[in-house]
Amino acid sequence: MEYTRRSVLTALGLGAVAAATGCSASSGNSQATADGPVEGEISLLTPLFEGSTGKDLLEGKLLPAFKQKNPNVTVKVDYTTYAALNEKITTSLAGGLMPDVVMLGVGWIPPFAHKKVLAPLPDDLAKRYEYEDRVLEPSRYDGKLYALPMVLDTRIVTYRKDLFAEAGIKAPPKDWAELREMSKELARSDSSGKLSRVGFDPFSIDLRQCWETFLFANDGNLFDDSGQQVKFNDDRGVEALQLFLDVIKDKSADYSFKSSAGQPTTLQQGRSAMMMSNNSLWVQLKKQSPELLKEDKVGAFILANKVPAMLQGGTMVARSASSKHAAAAQALVEFMGTPESILPTAEQRGSVPGVQDLRTSDYVKNNGFVKLALDNMSKARSEGGTAAWMEIREKIKTTLETAVVGKRTAKEAIDELANLSKEAISRL
Amino acid sequence: MPPVETSARFRTGRIVLYLTLTAISLVMIVPFVWMLLTSVKTPGDIAAVPPRLFPTEWAFGNYADALRAAPFATYARNSFVIAASHTVLNVLIASMAGYALARLRFRGSSLIFLAFVGALMIPTYTKILPEFLIVRFMPLFGGNDITGQGGTGWLDTWWALIIPGAVSPFSVFLFRQFYLDLPVELEEAARLDGLSELGIYARIMTPLVKPAFITVALLTFEGSWNNFLWPLLVTKSDSLRVIQVGLSVFRTENDTQWAFLMAGTTLATVPMVVLFLIGQRYFVQGFATAGIK
């Protein structure tokens, strides 16, 4: 078993969380209600505004607007990155100092709601604005609403229209058989037989999220509705991973053809003809390769096999169950969940707004990938769905990677992952 | 063997050696050159296909823009205060501990030394949570009562940034090895002359292990200057954040501002490079000596 910084901390932390939430003198009422005056100093832990422009937006625009509506509330912000968010929450919980308001990723609600560290929100908040059902799903646990969606990040397939035209391909693939065939046609090698362009690059996004997108497009599931049973270890999960091995075998994909976040992507460089992407790629293209957008050389589509599916990640805002200023914390959660807060937040990150009400905004209309995602939210699927998710998510990439680099078959890797997941669930 | 042949063989050996060292130096320096050049590139140059080594347009303004993006003067000051404090405390306390373990005979010294060696084997990340809890429940600080409840302890204070990482078992081990190697006659002569134990440590033995001090000082300063996770976990206020945390403003989940990140990283690397240039002779000597043991 591989030990990473996160897995060690998660293992240590989640063990300590139960003790901290149960024993700490400062954790207060574990289900503090949000009645009472909207006042006091509250803390906000956020991985969403950590960049320089994000800080300007939060402190220069959003929090002053919140203060105007709630003059007796002071918000102290604790900025972090997504990479260190789990550690921040884990140590805060273990120390009995959970922030009053916390922004969490999709899939994170069940583990923390299960530990009773988040407070349920009034269900009518789910009807304030136009939400797609799929978007609210990851905000719920055990039938209760625990968070409001802010921004979403979807995984879509982007492609080079000019390379498609060059190969005489008229429309994007409708299923994996077509995807595989087109990848072969679009791949190019140099005179020595070395790949110079892959037909399909599934590896430039996180392998966990990529495989999940393929699993969902194959009509598969990660877990059952109760979050107690592993469901991904059937044929649909194995086929999803097998496809990566098949395109490598076809010499139309290569694990070394990938780009890190923020680097010019293989698609921009013309080193791939199709690529799994985050919708934020649009903003990156505008900055780094505006000519590709201007000349309409890049398109996007939703991955499909048995069903069309798009992985939906994103950030939600929730209230701590131990907040001493529950009403103030809830006011901030509600404020952050309004379209007025969501729109500039989505804009500064190139993300998809969490409410459908913003579909007609200029931002959405002028961002092709965000528009595609928002128009197809009914096809969105979320990761997570079990209270053991924080432990399981750390193991997915490393386990799947063993198959991608040829150390195991797809079935062996999926079986191994299923066993690890079952163990994690059994420890709940 | 004739002297001419020996000399020719020697010369060939030197040429091969220098060529190898030059190649290794180039490999080592390329990331730094790439960082420097990227720090003065425009986004277009950074995204160029194929990648260009030199920018088409030199964007020196990236440095000013990067410095404006966050309070880097505060972050640099904080990093310096923490790194300097760690260095002074580590050098002072670890050298005393190393001296005691090497030169003084007392009951349980072997056991204590074994405990230090054992501590070397504990992975850093397994210590974070227990250390965090000690800091958070520190009695009589940050509103805590005598049992450590009611407040926030050392969290979001200089104490949390400085005390937990101040002394490392590795430094104690390194100092012990150096002190162990000094001739016992020196110590005995000083004792006969009536010098106190503290005097023997400070005036006789310590001047002879200067490389150990430079090595520990440089390693401690470098480790503290580059620390990211611990300062992020124990602080909330921007006024207590350090340079490595500050640099993360250029790298978000969906975007990386490479030019600014590289400009900030260049500035953050400068103190380390200067320190190494000043102390490199002793630093290499320190490692060589420690390696021989």
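How many Å separate the centres of domain 1 of chain A and domain 2 of chain A, taken over C-alpha atoms? I looked this up and got 30 Å between the two centres.

**Ground rules.** I am working with a predicted model, where local features need pLDDT of at least 70, side-chain atom pairs count only at pLDDT 80 or more, and totals for chains, interfaces and linings use all residues. Residues are numbered from 1 along each chain as its sequence is written, while chains are lettered from A and ligands numbered from 1 in the order in which they are written.

**Chain A, domains.** I took the bounds from an automatic or database domain assignment. Domain 1 of chain A covers 5-153 + 313-371, and domain 2 of chain A covers 155-311 + 390-426.

Next I checked how the two domains of chain A meet. I found 18 residues of domain 1 in contact with 15 residues of domain 2. Contact here is a pair of C-beta atoms, placed from the backbone, within 7 Å. On the domain 1 side, α1 (5-23), α4 (109-114) and α15 (368-375) of chain A each give at least two residues. I number helices from the N terminus, as DSSP runs (H or I, at least four residues; strands are E, at least two). The largest share of that side, 4 residues, is from α1(A). I sorted the side by class and got 6 nonpolar, 9 polar and 3 charged residues. Nonpolar takes in Ala, Val, Leu, Ile, Met, Phe, Trp, Tyr, Cys and Pro; charged is Asp, Glu, Lys and Arg; polar is the others, Gly among them.

**Chain B, fold.** I counted 14 helices and 0 strands in chain B. Along the principal axes, the C-alpha atoms of chain B fill a box of roughly 85 × 70 × 30 Å.

For contacts in chain B between residues at least 6 apart in sequence, 66% join residues at least 24 apart.

**Chain B against chain A.** Which helix gives the largest share of the side of chain B that touches chain A? First, the totals: 29 residues of chain B contact 42 residues of chain A. Elements giving two or more residues to the chain B side are α2 (43-46), α6 (124-136) and α12 (229-234) of chain B. The largest share, 7 residues, comes from α6(B). By class, I noted 16 nonpolar, 9 polar and 4 charged residues on the chain B side.
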